[in-house]
Amino acid sequence: MKNLMLALALCLSVTACSEKPTAQKRGDAERNKAAAGGGVAIGDASRAFLTIEALQPGSGAAERSYFGRTAFRPRALSSVTAPFSGRVASVSAEPGQRVKTGATLLTIQSSDAGGIRAALDQARIKARVAEEAFARQTEMIKRGVGLEVERFDAEMKLREARSELDRAERSAALVGAGRGTAIEVRAPVDGIVVSVKATSGATVQAGGDVLVEIGNPDGLWVVADVPEGEAGRVARAKSAEVLIDALNVKVPARIVGVAPRSDAETRRTPVYLELEKAPEDLRAGLLLRVNVALDSGESELWLPVTAVLVKEGSRRVVYVEQAGKFVARPIEAGEERDGRVRVLSGLAPGDRVVTKGALLVDREAEQLL
């Protein structure tokens with residue numbers, strides 16, 4: 001009798017253990033079936049741990065803040081190169097130095113310059129000889145002892161010599177004043193020396209690498225790095241304010257342009273701003289922040305980051321309640337601010353979204369956003 005009772009207890013234990021996994025498998029099968037049919041069904045006990053909110057449009061943050069820097073406008077930065085090939089003999093310019101138009105920046109020794117100056121001397125001599133010959137033939141014609149054909153030949157030679165002299169003078173103007181092979185490279189504009197890349201003894205090529213950069217301090221503007229998805233809205237912004245921590249100032253600014261392309265790595269677009277009144281000690285390369293007041297009339301959709309699940313490495317998914325079930329909805333997510341993420345596409349106002357507890361609905365999700 002005792003053995004019979006023990007065998008019966010063992011049989012009941014085995015039956016219970018086998019029924020539990022079967023029930024769990026049945027539940028998982030029902031969940032998968034519900035998902036395949038257009039949604040996931042959640043029991044009332046699990047629903048108590050979910051927070052479901054109807055998505056409402058809003059303006060998001062009325063103000064955006066971006067990092068930026070001061071820079072010279074393209075037309076405010078002059079790049080000085082070598083007018084002729086040669087070797088740098090000396091460098092006079094220093095970064096940060098204020099220069100006037102015509103100030104000597106560096107000196108180059110160039111055999112090309114020597115040849116041009118020699119050609120100029122020869123052209124001057126040839127022109128002087130031709131002038132004397134033409135004057136002599138003209139005088140002889142007046143006295144009646146000269147020939148008209150000889151005077152005409154002298155006139156043609158004089159015209160040719162003057163033409164050669166004009167070409168030689170134009171070439172010599174590029175070399176500048178002086179004699180021999182030395183060339184003084186001078187500042188083309190007033191401004192501040194931004195950089196000096198020339199070194200004594202270095203070989204340079206005509207029109208090659210930039211040797212000196214000169215910037216006009218009145219030609220500075222602000223370049224803000226804006227996420228490419230926000231560049232359009234920022235371009236339509238009504239006002240902006242630039243905070244320059246290095247100078248401890250806030251300066252009103254206006255947006256004057258947006259770059260035609262984004263950076264391929266950072267996916268940010270340069271936005272250009274003009275300061276209403278630039279500080280006197282403003283200089284290029286200062287890091288700053290740009291606060292932009294966006295048009296509050298444009299509605300946006302924002303969700304808590306806890307509502308967004310990451311699947312398959314990069315796919316963003318939220319769960320929307322429909323007819324008592326929860327349906328996965330892929331979305332395109334934008335920037336994150338203060339624990340919320342902007343929804344660029346995939347949802348519409350009024351959608352009931354699981355904002356907390358989404359992992360209970362989708363156990364296969366890798367992580368929250």
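**Close-ups of a predicted chain**

**View 1. How helix α3 starts and ends.** At the start of α3, Ser-110 puts a side-chain oxygen within 3.2 Å of the backbone nitrogen of Asp-112. The model is predicted, so local features need pLDDT of at least 70 and side-chain atom pairs count only at pLDDT 80 or more, while totals for chains, interfaces and linings use all residues. Residues are numbered from 1 along each chain as its sequence is written, and side-chain values use heavy atoms, with hydrogens and water left out. Helices (H or I, at least four residues) and strands (E, at least two) are DSSP runs, numbered from the N terminus. Helix α3 covers residues 111-143, and its 33 residues reach 49 Å from first C-alpha to last, close to the expected 48 Å (1.5 Å times one less than the number of residues). Just after α3 comes Gly-144, with a positive phi of about 80°.

**View 2. The buried residues of α3.** Buried here means under 20% relative accessible area, with exposed over 50% and partly exposed in between (1.4 Å probe, protein chains only). On α3, the buried residues are Ala-113, Ile-116, Arg-117, Leu-120, Ala-123, Ala-127, Ala-130 and Gln-137. Their cover includes α4 (148-175) and β7 (182-186), where a contact is heavy atoms within 4.5 Å.

**View 3. A four-stranded open sheet.** The strand order is β7-β6-β4-β9, with antiparallel pairing; two strands pair if DSSP finds at least two bridges between them. Because β7 and β9 (203-204) stand at the edges with a single partner strand each, one side of each has no neighbour in the sheet. Strand β6 (residues 104-109) runs antiparallel to β7, and five bridges join them. Ile-108 stands opposite Ile-183 in β7.

View 4. Lys-311 sits in strand β17 (residues 309-311). Is this lysine buried or exposed? Lys-311 counts as buried, because its relative accessibility is 14%. Its side chain makes a polar contact of 2.9 Å with the side chain of Asp-362. Such a contact is a pair of N or O atoms within 3.5 Å; within protein, one must be able to donate a hydrogen and the other to accept it, and residues adjacent in sequence count only if both atoms are side-chain atoms.

**View 5. Zooming back out.** The chain has six helices and 22 strands. Of its 369 residues, 34% are buried. Among contacts with a separation of 6 or more, 74% join residues 24 or more positions apart.
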